[in-house]
Amino acid sequence: CVSLKSFTFASMSVISSLFISNIGIFAISQNAFRNCTNLSMIKIGETSGSFIHPLESTNAFDGCTSLQKIYVPSAQLSYYLSASQWSNYSNIIIGY
């Protein structure tokens with residue numbers, strides 16, 4: 001499993017969408033995608049049970065001024081919406 005370290009993709013304006021698979025990524029560190037100004041959509045792959053991809057802080061996507069939707073599996077929607085680390089994004093989290 002991989003943790004995306006702080007500032008891993010910071011300020012990469014070429015990123016417009018992001019798919020986080022159900023395997024491989026364990027955690028997303030603070031500021032990992034900071035100022036990715038063209039990032040508009042994130043889709044997170046299905047996981048089992050109540051597992052959600054943890055954010056190490058609520059600012060992983062700070063400065064992503066185009067971010068409009070974060071798609072999560074419908075089965076985990078309630079977990080994402082109630083997780084404190086995802087709270088900054090609860091208004092754009094949508095089940096699929």
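Phe19 stands opposite Lys43 in β4. The model is predicted, so local features need pLDDT of at least 70 and side-chain atom pairs count only at pLDDT 80 or more, while totals for chains, interfaces and linings use all residues. Residues are numbered from 1 along each chain as its sequence is written, and side-chain values use heavy atoms, with hydrogens and water left out.

Strands here are DSSP runs of E with at least two residues, and helices are runs of H or I with at least four, numbered from the N terminus. Two strands pair if DSSP finds at least two bridges between them. Strands β2 and β4 run parallel and are joined by 4 bridges. Strand β4 (residues 41–44) is in turn joined to β5 by 3 bridges, again in parallel. Within β5, Tyr71 is the bridge partner of Lys43.

The pairing continues from β5 to strand β6 (residues 93–95), in the parallel sense over 3 bridges. There, Val72 stands opposite Gly95 in β6. Between β5 and β6 the chain passes through helix α1 (residues 77–82), and this β-α-β crossover is right-handed: with the strands pointing away from the viewer, the path from the first strand over the helix to the second runs clockwise.

Taken together, 4 strands form an open sheet in the order β2-β4-β5-β6, with parallel pairing. Because β2 (17–20) and β6 each have a single partner strand, they stand at the edges, and one side of each is left without a neighbour in the sheet. Neighbouring strands of this sheet are turned by 20 degrees against each other on average, direction ignored; the axes are lines fitted to C-alpha atoms, for helices over the stretch in contact, and angles run from 0 to 180 degrees between N-to-C directions.

Val72 has a relative accessible area of 0%. Beyond its neighbours within four places in sequence, Val72 is in contact (heavy atoms within 4.5 Å) with Ile44, Leu77, Tyr80, Ile93, Ile94, Gly95 and Tyr96.

The cysteines remain. A search of the whole structure finds 0 disulfides, a disulfide being a pair of cysteine sulfur atoms within 2.5 Å. Cys36 is in none, and its nearest cysteine sulfur, that of Cys64, is 5.0 Å away. That distance is too far for a bond. Cys36 counts as buried because its relative accessibility is 0%, and Cys64 also counts as buried, at 9%.

Technical notes
Buried < 20%, exposed > 50% of the residue type's maximum accessible area, 1.4 Å probe, protein only.
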